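Reader: Could you walk me through how to read the features of this structure? I would like the general idea each time, and then the case at hand.

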Amino acid sequence: MEPKDLTTRNKPTWCPGCGNYGMYEALKRALSDLGYSKEEFAMVWGIGCHGNGADFWDVQGMHSLHGRALPPATALSLTRPDLKVIVEMGDGDGYGIGLSHFVHSVRRNINITAIAHNNQIYGLTVGQASPTTDQFMRTVSTPGGVLEQPVNPIGLALAEQATFVARGFAGDIPHLTELYKQALQHEGFALVDVFQPCVTFNKVNTFKWFRERVYKLEETDWDPSDANAAFELARSTFHSLTCTPDECRVPIGVYYRAGEGVPTYNSAVEAASVPGYKRAEEPRDIADVVRGLI
Ligand SMILES: Cc1ncc(C[n+]2csc(CCOP(=O)(O)OP(=O)(O)O)c2C)c(N)n1
Ligand code: SF4
Ligand SMILES: [Mg+2]
């Protein structure tokens, strides 16, 4: 399967220069490089500009509701363990209305690769503040500037014992491709939060803004097996609206990868492999249970 085999005849409707192009190109390359066939994976999208990718990908899957990509993906992951399930979500979608699904999916360690198109704005609905918009940024919904601090998705995932957490940048397709490959090979919940500049509605966090600030963790002495260090990194490198390239550096790469053997929700459902878990001997009729209660 070549990257071009994953493309429908529909012409993408994204704005010229949108970060979604780079993100989807990287994912196509990653799937092709790993030798997937179309029968071996499925994709679930939320609603947003990122979600319009559903029209441009020739794959099996589902274009779900705003904020609700993870629940149907969870069902798919549990009922079709033979599939690699990939979720594409937006920052408004996955970290706003869908935040609880995100947190619970992480703590369950459900076997899903979740990719966040983090453009720090509501793109599709024309430029309102999202949960990851920089504090004090003016948007159409926050004319005086955003008052509250943004959600920190990397920190949040790590606080919930995530087993794979990475961050990418849509402006570096080869690097992002490698991150996707690692995430897709991970057994359990893998988060790849990707800075995806929205060239139309986010005039602050632009390609240039990120190019001046990103650096690659693997080019440092970073140890991705240290969850506490990853959490500290997520907190200390949280960028703000006004920080200069000297003041804030933005790490991209794998923040944390757990060692092998952490049970997934999928393996728990399969029982036995989780110490201490005991499956009910016989399935009980729900009517009997209710009768026992009254
Ligand atoms: C339940 C529900 N609430 C609100 C909307 C309207 N809506 C559609 S997309 C969107 C925000 C999109 O922002 P984001 O998730 O960041 O995606 P982007 O467009 O930036 O890729 C909203 C509020 C909706 N479709 N459904
Ligand atoms: S509005 Fe922003 S996120 Fe949406 S297609 Fe245009 S540039 Fe991309
Ligand atoms: Mg967005």
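Author: Gladly; let us begin with a helix and its cover. Helix H1 is mostly covered, with 11 of its 15 residues buried. Buried means that 20 or more other C-beta atoms lie within 10 Å of the residue's own, exposed means 12 or fewer, and partly exposed is in between, with C-beta atoms placed from the backbone. Helices (H or I, at least four residues) and strands (E, at least two) are DSSP runs, numbered from the N terminus. Do keep in mind that this is a predicted model: local features need pLDDT of at least 70, side-chain atom pairs count only at pLDDT 80 or more, and totals for chains, interfaces and linings use all residues. Residues are numbered from 1 along each chain as its sequence is written, while chains are lettered from A and ligands numbered from 1 in the order in which they are written.

Reader: Which residues in H1 are buried, and against what do the buried residues of H1 pack?

Author: The buried residues of H1 include Gly19, Asn20, Gly22, Met23 and Tyr24, and also Lys28 and Arg29. They pack against strand S1 (41-45), strand S4 (113-118), helix H6 (173-184) and strand S6 (190-195). Contact here means that the C-beta atoms of two residues, placed from the backbone, lie within 7 Å.

Reader: How do I read the span of a helix?

Author: Compare it with an expected value, which is 1.5 Å times one less than the number of residues. H1 (residues 19-33) reaches 21 Å from its first C-alpha to its last, close to the 21 Å expected. H6, with 12 residues, reaches 16 Å, close to the 16 Å expected.

Reader: Which residues of H6 are buried, and what do they pack against?

Author: The buried residues of H6 are Leu176, Thr177, Glu178, Leu179, Tyr180, Ala183 and Leu184. Their partners are H1, strand S3 (84-90), S4, strand S5 (164-169), S6 and strand S8 (250-257).

Reader: And how is the packing of two helices described?

Author: By an angle and a distance between axes: the axes are lines fitted to C-alpha atoms, for helices over the stretch in contact, and angles run from 0 to 180 degrees between N-to-C directions. Helix H2 (residues 70-79) and helix H4 (residues 99-108) pack at an angle of about 30 degrees, their axes 10 Å apart. H2 is therefore roughly parallel to H4; angles under 35 degrees count as roughly parallel, over 145 as roughly antiparallel, 65 to 115 as roughly perpendicular and the rest as oblique. Leu70, Pro71 and Thr74 of H2 make the contact with His101, Phe102 and Ser105 of H4. By class, that contact has three nonpolar, three polar and no charged residues. Ala, Val, Leu, Ile, Met, Phe, Trp, Tyr, Cys and Pro count as nonpolar, Asp, Glu, Lys and Arg as charged, and the others, Gly among them, as polar.

Reader: What should I look for in phi?

Author: Most residues other than glycine have a negative phi. Asn109 has a positive phi near 55 degrees and sits in the loop between H4 and S4. Gln161 also has a positive phi, near 65 degrees, and lies in the loop between helix H5 and S5. As for glycine, H1 is followed by Gly35, whose phi is positive, near 80 degrees.

Reader: Is Asn109 buried or exposed?

Author: Asn109 is buried, because 24 other C-beta atoms lie within 10 Å. Gln161 counts as partly exposed because it has 13 C-beta neighbours inside 10 Å. Gly144, in the loop between S4 and helix H5 (153-159), has 7 other C-beta atoms within 10 Å and so is exposed.

Reader: Finally, how do I read a ligand shell?

Author: A residue belongs to it if its C-beta atom, placed from the backbone, lies within 6 Å of the molecule. Of the 17 residues around ligand 1, Gly48, Gly90, Gly92, Asp93 and Gly123 come nearest. Helix H3 (residues 91-97) gives the largest share of that shell, three residues. By class, the shell around ligand 1 has five nonpolar, 10 polar and two charged residues.

Reader: Which residues are around ligand 2?

Author: They are Trp14, Cys15, Cys18, Asn20, Cys49, Asn119, Gly123, Cys198, Val199, Thr200 and Phe201. The shell around ligand 2 has seven nonpolar, four polar and no charged residues.
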